[in-house]
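I opened my notebook and looked this model up piece by piece. My entries follow.

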Amino acid sequence: MAYLENLFGVSGKTALVTGGSSGIGRMIATALVQAGAHVMIVSRKGDRCEAVAAELNALGATGSAEGFSGDVGSQDAITALVDAVKSRTDKLDVLFNNAGVSWGAPMADFPFDAWQKVMNINVAGLFTLTRELLPLLDASASDADPARVVNIGSVMGTVPVAEGAYSYAASKAAVHHLTKILADELAARRITVNAFAPGPFPSKMTAFATGSEEGAAKVSKNVPLGRIGCADDIAAATLFLCGRGGSYISGAILPIDGGMSAQNAIHLFGNL
Ligand SMILES: NC(=O)c1ccc[n+]([C@@H]2O[C@H](COP(=O)([O-])OP(=O)(O)OC[C@H]3O[C@@H](n4cnc5c(N)ncnc54)[C@H](OP(=O)(O)O)[C@@H]3O)[C@@H](O)[C@H]2O)c1
């Protein structure tokens, strides 16, 4: 166990997970608490974050959680969130920029406002929160164990598919690109920056498609590995990047998508 703890454990680390009260953010927060970290869970609905933190604290894990409200949708809200974080800790080892929103409409009706809202939260919010938390990330960064920033992108940011979520897909491609830019800029400060590019996972955002067994089974047919994602898929990737063993990885866009981003419909000679 000492071997695994040395590579994947996060004991003593402090983490912030935006949007950590549901879906993929909750899976990330759970993994970090189970592996020993203290996790701050934030989203607009602070009471939900408090409730989820209480549930995680009742797991009997070595880590702990606290929840409070935090919005990444505007400069003022981010300033308030950063103040709230600074009042709780003077160093941050792990930042998960997970909060995200989507908007779906046919191309003919796709509203202008659906660009601003989605790009604000998914891209500008992610960038601005990271920028404002740099002093806390610097405070934990070292050669042996850099501070970690993990952005949540999407398979939709990797492959050209929108299914009506035009601003969302473009925002996730922007997240992937920004991840590499920040990885380059922040390496000298001993901060790694990586992204998850998940395929379909159960969450509030995808409840319309994955919220029932029947829906999940239908979505699974689109996934080469034949199922939607589950909490362990996110947990394993979280600890891989955030444990000491992940300290030499920066600029990676990690597909967690059951093979979706590697499939293609091109056959050169295979079906002659
Ligand atoms: N589920 C999937 O299949 C999938 C696939 C690829 C990528 N992703 C990405 O994974 C991330 C998590 O999404 P999810 O699928 O787990 O959906 P979710 O359950 O809807 O979670 C989104 C979270 O973001 C929070 N949030 C929304 N706007 C916010 C804001 N302005 N400030 C702070 N928090 C905010 C929400 O809480 P409040 O409403 O309380 O603010 C919620 O906790 C997103 O970035 C999403 O794009 C999801």
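First, a term I need: helices are DSSP runs of H or I with at least four residues, strands are runs of E with at least two, and both are numbered from the N terminus. This is a predicted model, so I take local features only at pLDDT of at least 70 and side-chain atom pairs only at pLDDT 80 or more, while totals for chains, interfaces and linings use all residues. Residues are numbered from 1 along each chain as its sequence is written.

**Entry: the helix pair.** I looked up helix H4 (residues 75-86) and helix H5 (residues 113-140). They pack at an angle of about 30 degrees, with axes 10 Å apart. Axes are lines fitted to C-alpha atoms, for helices over the stretch in contact, and angles run from 0 to 180 degrees between N-to-C directions. The crossing of H4 and H5 is right-handed (the near helix is turned clockwise from the far one by less than a right angle). On the H4 side I noted Gln75, Ile78, Leu81, Val82, Val85 and Lys86. H5 brings Gly125, Thr128, Leu129, Glu132, Leu133 and Leu136. Contact means C-beta atoms, placed from the backbone, within 7 Å. By class, this contact has seven nonpolar, three polar and two charged residues. Ala, Val, Leu, Ile, Met, Phe, Trp, Tyr, Cys and Pro count as nonpolar, Asp, Glu, Lys and Arg as charged, and the others, Gly among them, as polar.

**Entry: the sheet.** In what order do the seven strands of the open sheet lie? I read S3-S2-S1-S4-S5-S6-S7, with parallel pairing. Two strands pair if DSSP finds at least two bridges between them. Strand S3 (64-69) and strand S7 (253-256) are the edges, each pairing on one side only. The twist averages 20 degrees from one strand to the next.

I then checked two pairs. Strand S2 (residues 38-43) runs parallel to S3, joined by six bridges. There, His38 stands opposite Ser64. Strand S4 (residues 94-97) pairs with strand S5 (residues 147-152) over four bridges. Val94 has Arg148 of S5 as its bridge partner.

**Entry: the ligand.** Which residues come nearest to the ligand? I found Gly19, Gly23, Arg44, Gly100 and Ser203, out of 29 residues around it. A residue counts as near if its C-beta atom, placed from the backbone, lies within 6 Å. Helix H2 (residues 23-34) gives the most to this shell, with three residues. I sorted the shell by class: 10 nonpolar, 14 polar and five charged residues.

How values were computed: Two residues are in contact if their C-beta atoms, placed from the backbone, lie within 7 Å.
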